[in-house]
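Hello,

Here is the structure you were waiting for, with the sequence. My notes follow below it.

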Amino acid sequence: MTWVDAIPVILIALLIIFVPGGLIAAAAGARRTLLALAAPAVTIALLAIGAIAFGKIGVPWSVGPLAGLFCGIALITWVVRRLVLGTWAASSDSRIVGFSRSFALGLGIAAVIIVLQLGFSFGAPDNVSQTYDAPFHLNGVQYIIETANGSSLHLTGLILPPGRSTFYPAAWHDLVSVVAMAAPWAELVGVANMTNLVLASIVWPLGVLTVVRLMLPARRSALLIAGVLSAAFPPFPLGMLDYGVLFSYFLALALLPGGLALGLSLFRLVNGKRLGAVTLQVLSLGCVVVAMGLAQPSVVFGLGLFGVIGLVAVCLNKIRESRTNGRRVMWVIGILTLLIAYALVWRRVGSFGYNAPWREYALYPEVILDTFTFAREDRPLAIVIALLTIIGIVAAIRRGSWWLTLMWLAAAGLFALAGATPPGDLRNMALGMFYKDTPRLEAFLVLPALVLAVYGADAVWRAVERRWPSLKPGATATVGAVGLVALVATTQLTAMIYAVQHASNSYRLDDRSWILDDEERALIERLPGEVPKDAVIVGNPWTGTSWAMALSQRKVLNPHFNTSHAKANEIVNTQLNEAGDETGVCDAIRSTDVRYVLDFGMDRLDGRRLDVKTWIGFEGLLDLDESDIVEEVDREGDKVLYRITACGL
């Protein structure tokens, strides 16, 4: 796929993310910014819920039934609204936040910068992420398409023994599968990358700009600043498309600013206009929570953490306004009850991540520095971001938005705990929600840090305006444009350049690729003409063979590094090269329908957070070139496709 070929895929992804949900939100009466903010959340929430419902009642997961679902819900919503309000038309309210040229320009700036970052990182639109979780996510999408079942209760059937599955949030996989079905000519990996590109360059900055629009309503310059800074933090959105790769977590974080904006408007923590009617905001926030929860639930609790801090701010305002001590005591009791209840829920739900292996990486002084500079593990310091964040903390407190600083402090505290706290009960209880994983928490820290940095940059610009109050409007615009260009240059240098280069190493396709190299991919792409569609291919997934499913739509025995523990699968993986001597091996081959072998050698995955002797557990796939149980079908360099000839096959 070339970048020209990718354009229609990008447009289809954009339409699917915004139009179905936008149709329903518009039918409910959402307008202006709320309509744009709610549309992706409604789309993704209903896709994920619809997938579960379709799986339960046996409706196939395909474009036709989904189109009927969205159109039907939009029609019902429109009719109900007509019956409740007595009118078909949406009411016009000047108190609702609308778009402006500054908002559109800020969004455009963010989109252009992020598209360029991801373009350089991907290299080509259909390059695979050479990371641990990528095969599961990409093959999971193909599994949904093949089985016509996108349910979160079905997805783990990809890697579990036949007939078994557990809950796994599949919102990202459902979204990408729909885009793939709507663009059947496009390679699945390219569809996934372009869908992520739309989420990163449009959905994420749209939410960020809405938050800034609510918090600094009179500052048009703040929207332009927010557009630049939306693309200035290495951990997100780029970092989550490099590390992991955490596609599901990435989707949930892309929706987080929209949830925060709705919360700020609902709690009336900001002065000025609102996003819309209370009912519409509550419904939109509900869709954000569902969409995030069925993408990666930990982000829901992160949003809840911000919400608790916001509610504490509301309660404190009520205490100041109360005229009697009795009312003040009631509000204090309410605050304490809220904090204790949320802490208990956090600990309880976070227990699922207690067994995660991720450890600290440095001592507290270094980690605390990294909360400002985002320079984890010897990456370049984001000096400008750090300075703007510090200035923003002061500016936010002076403007009465102390609770924003508290949100940042809560997220920074979680990151610091992850980065410096050794294994133990404190680490488990506080961080289990995020698998005790420092990169996840660094990405979560980005949103409050970004908003504070906007406050800081806006404070600097205010100082410039006060310093030269007599500047004519044209001169002010020129100075502002120069300042904006300088902000782009200083935030995209060093730290972001390093982040893009690091990500490009994850997506590179050549003889130095971490897992799947160019020869291996070339051989995989020829599989449709060489392997029947119903045959199963076995190969060591650590060497890149698992991508045969996503890249060539051929069944593989090992679609992920974590393979099925079904007895027959284990026998094939560990004893295939003994098929001529062991009848049990032949039985396993027949029961799994394995007919072909991809032999990509014996790689070792090292140099990152994992160091794996990749042949362990796959000893049966070694030395096949010296056996008489297979015959060569195709070869690319020293990478070979074999057909199994033993066992009477």
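The chain holds 23 helices and seven strands; helices (H or I, at least four residues) and strands (E, at least two) are DSSP runs, numbered from the N terminus. The radius of gyration, taken over C-alpha atoms, is 26 Å, close to the 26 Å that the globule rule gives for 649 residues, so the chain is as compact as a globular protein of that length. That rule is 2.2 Å times the number of residues to the power 0.38.

This is a predicted model: local features need pLDDT of at least 70, side-chain atom pairs count only at pLDDT 80 or more, and totals for chains, interfaces and linings use all residues. Residues are numbered from 1 along each chain as its sequence is written, and side-chain values use heavy atoms, with hydrogens and water left out.

Of the 649 residues, 56% count as buried, meaning under 20% relative accessible area (1.4 Å probe, protein chains only). Along its principal axes the C-alpha trace spans about 85 × 60 × 55 Å.

I looked at one helix, α14 (residues 383-398). Its end C-alpha atoms are 23 Å apart, which agrees with the 22 Å that its 16 residues should span at 1.5 Å a residue, the expected span being 1.5 Å times one less than the number of residues. Buried residues in α14 include Ile385, Leu388, Gly392 and Ala396. The elements covering the buried residues of α14 include α8 (220-229), α13 (364-373) and α17 (438-467), where contact means heavy atoms within 4.5 Å. Just after α14, Gly400 takes a positive phi of about 90 degrees.

Regards

Note on methods
Buried < 20%, exposed > 50% of the residue type's maximum accessible area, 1.4 Å probe, protein only.
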